[in-house]
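Here is a short briefing to read with the model open beside you.

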Amino acid sequence: MVASKLVAVLSPCALALAVAVTTGCTPSEGTVAQAADCSTAGQNEFLFNLMKDVYLWYDGVPDLDLQSYPSPEALLEDLVDKGRDRWSYITPKSDYEAYFREGQTLGLGFRWSFDQEGSLRFALVHPASPAGAAGLRRGDRVLAVNDIDVEEIARDDRWAEVTGPDEEGHEISLTVERPGEEVATVAVRKAWYAVTTVLNPRVLQVGSSTVGYLMLTTFIEPSAGELDRAFAAFREGQVNELVLDLRYNGGGRLDVERHLASLIHQPATAGALLDITAHNDRHGDWDKRASFEELDAPALPLSRLVVITSGGTASASETLINSLRPYIDVKLVGSTTHGKPVGMHGWDYCDKLINPISFRVLNAREEGDYYDGFTPDCPAGDTLNAELGDPDETALAEALHLLERGECSSQPVGAGERRPAPPREIRWDGLRREIGAL
């Protein structure tokens, strides 16, 4: 980390990043240090020079009138390659560090989605969050927010308006319907809470197989310990099959992803290559070839892995799938993944973290560039009114069927056949996309 009022201009320093690596560099390692100019003009100039240098598609960054932009955030929108880049963002440094290093975030603590019938339901509620404390749970149907009907909010794209600013104490009211109960209005205030990233780990008996299941919501520093505890329980339970639920996992730190990959599989050859991070042609010296970790505890005795996916499966989650495929049979159940085969380094400037797309991620066979995402082997929906980890929940039931019988419960949709229309999406950007919850 560079000293206060200094910034590493030409090196990926500062933090472990979203789908990124911890570089641990300092200005003395061949970088240029300069006093930070935190005026709008200074921030805009820094961002522009950074994008012209480290951005994966730096040669397409346009020359703009920097002084005409009111903020670096506004400038970034016009600097990115809109045809390829949906992810570069700027966020307060304090929010970024709190989340990725400490597992703390400010918000309400829920993820909501439209189901196939068009109802808005909670898909995930973090246990320690304000939403969790208010008794909200997966499957609850949301009828209105701040007395505004959900259909009106969706029609006019008023999501940001009704959920309000990310300020501690900001309150919203939710009109909620739960089967068998009267419609209720619940007030929830935004607060800091601890994110639990490993949810509902359990051991299931399916035929002659002992199956471990867990949902991982993100890859942040506290995830490593949570995963270690879950896999210790799997080893104690003599698990020989694994279902990894990444349907809501928007990514995170590559070092944590590599740790999970090593818990799942240990190649016979020590030091086997897991992934390659490849930068633009100005910074080939930053390229890295990462190996599986050598762990004290053995990996699970798996011949295959089943991953539950959706359009919310992105970044480090997709890296895990791609990186394990040269070594183990990886089957996907659910819907097509997001399609983010690239990652970010972060630059600390004026108490902000600038996170431009800086590298591609390839597996040991140098395969990558999956911008269209990964298509599931067995399509399956997300039954929002069933608990995660319930063997009858649609996606998990399909995964267990695949493990037991070696085939999908129904034939995948072929070319020219109609698929069910996907549910409507609520778009999140920047750090909120990484967190995967409001």
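This is a predicted model: local features need pLDDT of at least 70, side-chain atom pairs count only at pLDDT 80 or more; totals for chains, interfaces and linings use all residues.

The buried residues of helix H9 are Ala316, Ser317, Glu318, Thr319, Leu320, Ile321, Asn322, Ser323 and Leu324.

**Around helix H9**
- Strands contribute to the cover over the buried residues of H9, including S14 (241-245), S15 (273-279) and S17 (304-309).
- Strands S18 (329-334) and S22 (357-363) are also among the covering elements, and so is helix H8 (254-264).

**The chain as a whole**
- The protein chain holds 11 helices and 23 strands.
- Of its 438 residues, 56% count as buried.
- The chain exposes about 18500 Å², with carbon and sulfur atoms supplying 45% of that area.
- If you take the contacts between residues at least 6 apart in sequence, 71% of them join residues at least 24 apart.

**Aromatic pairs**
- The count of aromatic pairs comes to 12.
- One of them is the stacked pair of Phe46 and Tyr349, with 4.0 Å centre to centre and 5° between the planes.
- This pair links distant parts of the chain: Phe46 belongs to helix H1 (residues 40-54) and Tyr349 to strand S20 (residues 347-349), 303 residues apart.
- Phe46 and Tyr349 are both buried.
- Phe231 and Phe234 make an edge-to-face pair, because their ring centres are 5.6 Å apart and their planes stand at 70°; the cut-off for edge-to-face is over 60 degrees.
- Phe231 and Phe234 both lie in helix H7 (residues 223-236), and because they are 3 residues apart there, about one helical turn separates them.
- Phe231 and Phe234 are both buried as well.
- Ring pairs also link Phe110, Trp112, Phe114, Phe122 and Trp159 into a cluster.

**Charges over rings**
- Arg247 places its charged end over the ring of Tyr248, 6.0 Å from the ring centre.
- Arg325 does likewise with Phe374: its charged end sits over that ring, 4.9 Å from the centre.

**Disulfides**
- There are 2 disulfides in the structure.
- One of them joins Cys38 to Cys350, with an S to S distance of 2.1 Å.
- The link of Cys38 and Cys350 is left-handed, with -100° about the S-S bond.
- Cys38 has 39% relative accessibility and so counts as partly exposed, whereas Cys350 is buried, with a relative accessible area of 17%.
- Another disulfide joins Cys378 to Cys408, with an S to S distance of 2.0 Å.
- The torsion about the S-S bond of Cys378 and Cys408 is about -85°, so this disulfide is left-handed.
- Cys378 lies in strand S23 (residues 378-379) and Cys408 in the loop between helix H10 (394-405) and helix H11 (430-435), so the pair ties together parts that are 30 residues apart in sequence.
- Cys378 and Cys408 are both buried.

Note on methods. Residues are numbered from 1 along each chain as its sequence is written. Side-chain values use heavy atoms; hydrogens and water are left out. Helices (H or I, at least four residues) and strands (E, at least two) are DSSP runs, numbered from the N terminus. Buried means under 20% relative accessible area, exposed over 50%, partly exposed in between (1.4 Å probe, protein chains only). Contact means heavy atoms within 4.5 Å. Accessible areas come from the Shrake-Rupley method with a 1.4 Å probe; for residues, only the protein chains shown count as cover. Rings of Phe, Tyr and Trp (its six-membered ring) pair if their centres lie within 6.5 Å; planes under 30 degrees apart count as stacked, over 60 as edge-to-face and the rest as tilted. A charge sits over a ring if NZ of Lys or CZ of Arg is within 6 Å of the ring centre and within 35 degrees of the ring normal. A disulfide is a pair of cysteine sulfur atoms within 2.5 Å.
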